[in-house]
Amino acid sequence: MFPKVPDQHKVGKPLIPNGFGVIYVLFTTVYLFSVYFMGIVDSSNNVSAPLTLAVCILFGGFMGLLDDWIDLKWRIKAFMPLIAALPLIYFATESGLRTSIALPLIGLIQFNEAYYFLIIPIIVMIVTNTVNQLGGLNGLETICPAIVLIGLMILSSSYLLMIGPIIIWLVLAFFNFRGKIFVGNTGSFAIGMTIASFAIVTDLKLSLIISILPYVFNSVLILLTIFLLKKRANVTFDGKTLYSKHRRSLVTLITYRRFLTERQVVVIISLIIVIFTVMAAFLEML
Amino acid sequence: MLEERILSNEKIINGFKSLGQMRNMSRASVICYSALILILIVSFSVRILPMRWEIPSGTLRLNEFDPYYQFSLTNQMVEHGLLSPYYPEPGWTNEQLWYPEGLDMSRSLPSLPLTGAILYNVVSFFGVDIDLMSFCAILPAILGTFACLVLYFVGKDMGGKAVGLFSALFLALSPSFLQRSSLGFFDSELPGIIGLLLFIFMFLRSIDLKRSLSSSMLYSLGAAGALAYFILGWGAAYFMVNLTVLFVFVLILLKRYSQRLLISYSITFGLALFIATQWPYISLNYLVSFAILPVAGLFVLLCLAELLRHNISSKTKIYLTIVAVSATVGTVIIMWQLGYMGSIAGKFISVLDPSVRSANPLIESVAEHRISSWGYLYYELGLSILFFLTGVFFTMRNPTNRNVFLLIFGCTSLYFASSMVRLLVLFAPAFAILAAKGILGLLNPFFALMKETSITVGKSKRRLQRVSKEYGGAAIALLFILLVLSLAFTPQNGGIPRALQQAYSPITLSSGSLPIAPNEPVNEWLDMLNYTSNNLQSTDVVCAWWDYGYWLGIPGNVTTLADNATVNATKIENIGFIFMAPENESIPILAQYDAKYILVFHTVFISQASETSFVAGPGAWGDEGKWSWMASISGAARERIIQDGWINENKMWYDENDFGQLNTQTGTWDWNTVGRDSTIYKLMSWAKQLYTESPAAIAASVYPDEVAVEPSYFKPVFISGSEISPFEYGGVIPLVALYEIDYESYYNSPS
């Protein structure tokens, strides 16, 4: 049923079914509809949080499908998530969410109206794209977002919104890590959109910002080398381990002149994400 | 000859034969027409939902205020002849409105009342027993559904049957159009939208070079009729006229001029403007207004384009261009200097430049004149905005003549809708077609994919060149759920379909002018109107804020001073003054208008004071929410009112801030001594006081939030709502209070 693509980091490049992210999107939609119908989460000022999340995740998923199919240009991919920011902006304004962010050492930054019309779209755009950019290794595109999402869920009182989706995502992550399936762009865009929209709906901006710092670092590294050096990150696979001769992304930075297996790289990056997520939780609880 | 060819016997017989061949219709056509019928049924059903609140009374009423004005015209046409409001000149003046001058009804646009009266006569001829008001109430639902049918054909021309179907569906469920075409909304937008859609449909067909010249000319004639109907139905016809002018101009710029364009344009505008200007109210002045002159300018340009098309020397072409441009500009300048050029009414200017509205509290006080914020647009349109944007994208990629028109229509109507909430109804058809094109543009590749066999060719890394057909199915499923979320479970409205929320609410009179949807009708306003029509003389002048003018003057059958026609701003300022001034300052001006009664509408909120008692405080939906406009509108005429000697300079206010201030803690208004001395305050608070002294309120231990002072010169005659239980409408009490003006006490008082 699912299209098959070669696993680049396995001997013989076996064909692996791709696009399992669509299962996550459909399941999450059904789950969020159920949450809405059962009234588990109250509507905030008559705006439904579960349906707002469903809209955003569906949009993320659809964007991923389009990308899988027509290979969207990066310009379009970068700005497309802005459309999904609209329901979130409406939710934030109607719910009167805080428009300030308290940053350690800096203090409280009050954005006022700019939070709704500038910060939320930027958050959605950055999170969705950076999550999409950190992938390419079995488990990387599933385990790391799961860590961030679990961190946010622990900090939020509305964790029920994400219980179902995180379970199905962890199942996908398990098979992805074992090299049995890929979630595709559908999955990575959808989970990126999930993280961004859940953080905004539950007002966990600071935690989100800190948790995704490794993602941002990875994207900055990739984009700078593309724009400044006109070169792309590339990791060499010798049949058993990964190795890179440059440092143009987080993966190549970790494998720079080091021979590491695919799983080792995934575990290292996941640990980095865990560290940042714990930091975020710690700061949120302060 | 032309008609003979079009309507020949042979063609008619073939038409009937083709009906018999319907059994051979393709499955796709059957599905398409079934879907269309279903959409039309949904469209009609949704629009008559407010009937639920009308059933108990056994009759249908009209919604809001303006439809009563249209109804009175229709009634005049049915009873005294279709042209009776206009001929013989000077036409019919309704003496019960805008006393003492009366309201010149011959200055009304005829499309809607004529449509209503003609159709009513037709159904009566066939023996249908229905009263005129019920007929006028149900007509918007029928015309709204008809508009969806017309849009299907427009959409079909623009992108096929599927686009037509989606367009019709989007328009059927568009909240802004739904509001203006649901039960009882018998107002000018209806002929406007129908005229607009028919015009678009026929004009675009008329310029289609694939059609024969005779067909093109027939469509031009049809377009002319539709445009004339629009011009004679709704003032917003300026929009359609200028949109078409802009469209044709763009076609010329794109080097798509054709002789057909000149012929269609000439016939359409020539005939439409000829028909429209025959109406006394429109008259020939319409042709020289700023908004209509571009039609003539473009005609000159088209003629020039036709001349330049011929094989003449470059030198001649330059001369011709210079002469044409000079003649056009010169004519405009001469007409302007000689004062022949009319201007556009203020409210049309204010649509182009919304900032003008803030300078005029009279225009600004009308809720439907508000600027649409992005939030409101999202609230109305929901996630369909995504489809609209993709529709714009796909349309831009294929700039055919129809698509160019659609883009201009979409962009300009979006601007006007952003400028004024009411004009969202103009945007609705453009939005519907573009959103439909967006959905189809997104779906089509995936549909095509599903028809192909699975191909699993890998590209670099994990990207795919081609994906399996199941992928197409998944994409279609996701789009379907997105569509469901945008139409059926709208997140911005707590999951309730926005269309349903818009439709499933009682008409204003049956909800007592409250924004609630109770189980039973709220009868307070109806009781008041029954009281005035049964107990007062039709010549008795009742002073009320202009919002209620039509209600009191038409179903209430009394004489009123002002209404939504807002034809006399000075009088509205004076009414504002009457309400905001102290009693003894109000009486002389009331006497000047021969007012016998004064009416206020006050809503009261009941809130818990202790375990056993409740407090009655001011609500938000009556005159307690409108008095600030009375203050600012009358305050804007401060100098005139002082000069007229109604009040001295020290006592005259500027705006609402002279009457107190907003309590930011409680969100309520804290009246100062000037405010407490105003007529409106006394009339409202005394009505509330009387309510708290009613048996129902005493039984429930309801006390007023503050003790009111009885007005000195206004004696309560009838307070509708004064006997209802405090909790009948969920703690909101609508009080419609009618006071008789006690001139005797005033003139006998020692001061």
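**Interface and overall fold in the predicted model**

In this predicted model, 38 residues of chain A are in contact with 30 residues of chain B. On the side of chain A that touches chain B, four elements each supply at least two residues: β1 (4-6), α1 (21-38), α2 (49-70) and α4 (81-95). The largest share comes from α2(A), with 11 residues. By class, this side of chain A has 23 nonpolar residues. A further 12 are polar, and 3 are charged.

Chain A itself was examined next. Its secondary structure comes to 12 helices and 6 strands. The C-alpha atoms of chain A fill a box of roughly 55 × 45 × 35 Å along the principal axes. The radius of gyration of chain A is 19 Å. A compact globule of 286 residues would have a value near 19 Å, so the two agree. Of the 286 residues of chain A, 52% count as buried. Contacts in chain A were also sorted by sequence separation. Among those with a separation of 6 or more, 72% join residues 24 or more positions apart.

For chain B, the domain assignment gives three entries. Domain 1 spans residues 188-343. Domain 2 covers 437-499, and domain 3 runs over 524-748. The centres of domain 1 and domain 2 of chain B, taken over C-alpha atoms, are separated by 42 Å.

Technical notes
Residues numbered from 1 in each chain as written. Chains lettered and ligands numbered in written order. Predicted model: local features only at pLDDT ≥ 70, side-chain atom pairs only at ≥ 80, totals over all residues. Contact = placed C-beta atoms within 7 Å. Nonpolar A, V, L, I, M, F, W, Y, C, P; charged D, E, K, R; others polar. Domains from an automatic or database assignment. Rg over C-alpha atoms; globule rule 2.2 N^0.38 Å. Buried ≥ 20, exposed ≤ 12 C-beta atoms within 10 Å, placed from the backbone.
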